[in-house]
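Subject: Structure handover

Hi,

Here is the structure for you to look through. My notes on what was found follow below it.

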Amino acid sequence: MPAPREEERGDRADATASQAVARGRIAFVFSGNGSQWPGMAADLLTGSAAFRAAVEEVDAALAPRLGWSVTDELSAPAERSRLALTEVAQPLLFAVQVGLVRMLRDQGVVPHGVFGHSVGEVAAAFVAGALDLDQAAHVIVARSRTQAATAGTGRMAAVALPVYEAAKEAAVFPGVEVAAVNSGQDVTVAGPTDILRAFLAELTRKGVTCKELDLDYAFHSAVMDPIECPLRQELSQLRPGTARLPLYSAVTGDRIEGPALDASYWWRNVREPVLFAGATEKALEDGADILVEIGPHPVLRAYLHRVARSRTRDTVAVTPTLRRDASGPEAVDHAMTTLMAQGAEVEWSVHFPRQGRVADLPAYPWQRERHWNGTPQTWLRTSGSGHLDHPLLGERLPSPVPTWQGAIEPALTPWLDTPGFAGSVVVPATAYVEMALAAGRLTLDGPAEVDCLEITRPLVVPWADAGSVRVQLAVTPDDGVVSITSTDARTARPRAHVRARVRALLGRAPSDIDLAAVRARCPRVVDGAEHYDAVDRAGLQYGPAFQVLRELRVGDGEVVATYRHEAPSEEYEAHPALLDGALQAGAPLIRAAVAGGTVYLPAAVGSARVWRTPASRGSVHVRRRSFTTAETCWDIVVTDEEGRVCVELLRCRLRRLAGAHRTALTVHHTTMRAAPGAPPWPGDGPPVTPRDILAATADRIAACAPTGTTPATSASPSSSGKPPPTGTPPPSPPSYPTTASRSAPTTSSPPGWTHARAVRRGDGRGDDPPRPGRGSRGRTAAADPARVRGQGTPARADPGVPPVLRREPAGHQPYAGPPGPRRRRPHGFHGGRREPRGHRAAL
């Protein structure tokens, strides 16, 4: 690795690692609005002579048109920044991009092609040679000044939807337009502020991820229409030249020649949607496989990754230059070493101006051994052991219980770079399984199994700054409980993500699976490419590392699939990408639900056992245990090609993602009809009393009684309203059963029938019958009808409601003896039968 120049020396990273590409052809990608930040590139003005010289040249071309210096503005303190004004932000962004290109060119990095996003096309046209510096300065000043007049008339937002869906959703919100097509799954929208925010609220209600941008302008929308004439007039004398490098237009989505960049083109650049995905696809088709984002912060990196994955299976590297709040010289130096590690075509004569002397080496038998540059400290920067125990665990910390901590390093886990939103990656559930298995082996000094793994919160990693996320795993030796947490630069308190339990793996592997018999039960064949197209349409995108399935056979409640996973797996118990592929194999079992818009994500794993290291080629057998609209449960077995069981994932629970399901539009009509045979409304007459109801139903009650018996419909003297005759002995009070006890039959009730009477609690609420409580055992209404205890609350019989007959179950033996010893009974246990909590006896 060549040493940095003297003026750019400083504290540098020990090493840079990256996945190499096939051709090493570089394309410069110039970012647009949204990448700028106060203080950007200020340290490069003093730390790099090449950068300062380029910015001063740009300043000389811009200052006569602007009336102020971009060099002074870049050097100003952050609190005095005017970047919120687009007439300031665009010239500064152009100057920084030209300076970065000069720094890379001095290091031997020359692009094979260029393209930009929105205002970034001005710098791209200048680097390609279609515009000279004076023409580029004229365009950037005219563009920014005319757009400044639209400040405050609208806003912009990023939306995670394909362009056709976003346009369909925006059609019902006047003024909201698709302003940029960034990838197949990402767009930018613009429109009037209030209407745009209502649109975002509707998308959020439907479960669509969206975010309002910190821009007080609605670029690339109808808000720009009033500036068409001023912009065309100011650029009417523009005469672009021939481009020296391939230039890809974000206006047309295709390659463009230099003379076409006239005034009409730059008006279209302001007004029409940015076809950034199309320009990226064309650059990749022409052979570019290293995309270098030229700008103050990598805002396009996630979009570039998604487009690359969707268009080619070749490795495509995306490399940023500067980062927000990071050292400029260090960031550019890191970008340079990363490009070299990726295999970029670099002019090595810049670093080795003198040709070396070639000497013949003596014949020597090579001793081929792996040799790693760097030390464990290259990846570890904490106070732990300094030894990398596992790519996902990191290093062990000095703690009373086994504890590991490590940063999520893309160089250590490149397979983890999967599609997400706004540059973020969600750690898959199988990565947690692997972490628990590895920690169990290190803690127990032998193979371990994982039980009851539950994901309580997803771990989302901003992939552009993945190293800022640190993951902790702790194992409690007494019970084997595993806790996985994370921290980042913004939160010092660990966030809990996973709880599980590990224990020693005992027993023997299950018997081999008869793969031929399973395939015979699964007649429907799904090709691997067809499978991934289907899940992609359902909204689940898998990167190349996770696309391991080759063929799936679907049967009744089961799936058998073949896989191929060639990535190195020596450091893992079972590679998470392979296990994630095993989970993917169950997708056909929920095809109908997924087609309806429902998304299921792994939430728990009942048991995980690794009996042997999975082979690079083998099969996956998935069996469905249960399925509901909210959850599905599978048993998954990974085997080799002969059917020997390698991994078991049992009771894998996938739960429906809240907000992901989109209910079809339905229309409900309410038709008012008269109820048949409805009695006339009493109007304003007196209210109906219980006595009226009893009198009206006396015949029906009498008809219900067995022959030869007479139900007591007026057992209480008060029910008739007349006092008893003189000399008549007072009637013995009947036994009224309550929810607190059972009553004995009376002479007026037939066998199997008992009396029941409504009671009122002490507070006078007649519709609340008493419930059992302390002191109610052995005490009945017959013993004391005036006080029926229900949870210690006094109650009194309602004289206005006579008793009615209640049928008792066969074999019932009512208790009528003296109070016995108090015995506790379960809550809700009434008269020999259990009733649900909150039960009320019906009268």
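Start with a pair of charged side chains. E56 forms a salt bridge with R52, and their closest N and O atoms are 3.1 Å apart. A salt bridge here is a side-chain nitrogen of Lys or Arg within 4 Å of a carboxyl oxygen of Asp or Glu. Both residues lie in helix α2 (residues 49-66), 4 residues apart, which is about one turn of the helix. Helices (H or I, at least four residues) and strands (E, at least two) are DSSP runs, numbered from the N terminus. E56 is partly exposed at 39% relative accessibility. R52 is partly exposed too, at 32%. The cut-offs: buried is under 20% relative accessible area, exposed is over 50%, and partly exposed is in between (1.4 Å probe, protein chains only).

Before you go on, two points on the source. This is a predicted model: local features need pLDDT of at least 70, side-chain atom pairs count only at pLDDT 80 or more, and totals for chains, interfaces and linings use all residues. Residues are numbered from 1 along each chain as its sequence is written, and side-chain values use heavy atoms, with hydrogens and water left out.

The whole structure holds 32 salt bridges. As a general point, side chains of opposite charge can pair when their charged atoms come close.

R232 and E228 make one of these bridges, at 3.0 Å from N to O. These two are separated by about one helical turn, because they sit 4 residues apart in helix α9 (residues 228-234). R232 is partly exposed at 30%. E228 is partly exposed at 26%.

R503 and E449 also meet in a salt bridge, at 3.7 Å from N to O. This pair links distant parts of the chain. R503 is in strand β18 (residues 491-504) and E449 is in strand β14 (residues 448-455), 54 residues apart. R503 is partly exposed at 40%, whereas E449 is buried at 5%. Salt bridges that share partners join E449, D451, R501, R503, R609 and E648 into one network.

Aromatic rings

The structure holds 12 aromatic pairs. Rings of Phe, Tyr and Trp (its six-membered ring) pair if their centres lie within 6.5 Å; planes under 30 degrees apart count as stacked, over 60 as edge-to-face and the rest as tilted.

F94 and F126 form an edge-to-face pair, with 6.2 Å between centres and 65 degrees between planes. The pair links distant parts of the chain: F94 is in helix α4 (residues 86-106) and F126 is in helix α5, 32 residues apart. F94 is buried at 2%. F126 is partly exposed at 22%.

Y600 and F627 form a tilted pair, at 6.2 Å centre to centre and 50 degrees between the planes. Y600 lies in strand β22 (residues 600-610) and F627 in strand β23 (residues 617-627), 27 residues apart. Y600 is buried at 6%. F627 is partly exposed at 40%.

Two further finds involve rings. F115, Y248 and F276 form one aromatic cluster. R82 lies over the face of W68, at 5.3 Å from the ring centre. A charge sits over a ring if NZ of Lys or CZ of Arg is within 6 Å of the ring centre and within 35 degrees of the ring normal.

Helix packing

How do α5 and α10 cross, and at what angle? The axes of α5 and helix α10 (residues 263-271) come within 11 Å and cross at roughly 145 degrees. Axes are lines fitted to C-alpha atoms, for helices over the stretch in contact, and angles run from 0 to 180 degrees between N-to-C directions. E121, V122 and A125 of α5 make the contact with Y265, W266 and N269 of α10. Contact means heavy atoms within 4.5 Å. The contact residues divide into 4 nonpolar, 1 polar and 1 charged. Ala, Val, Leu, Ile, Met, Phe, Trp, Tyr, Cys and Pro count as nonpolar, Asp, Glu, Lys and Arg as charged, and the others, Gly among them, as polar.

Backbone

Most residues other than glycine have a negative phi. S118 has a positive phi, near 60 degrees. S118 lies in the loop between β2 (113-116) and α5 (120-128), and is buried at 6%. D325 has a positive phi of about 60 degrees, although it is not a glycine. D325 lies in the loop between β10 (317-320) and α13 (328-342), and is exposed at 68%.

Best wishes
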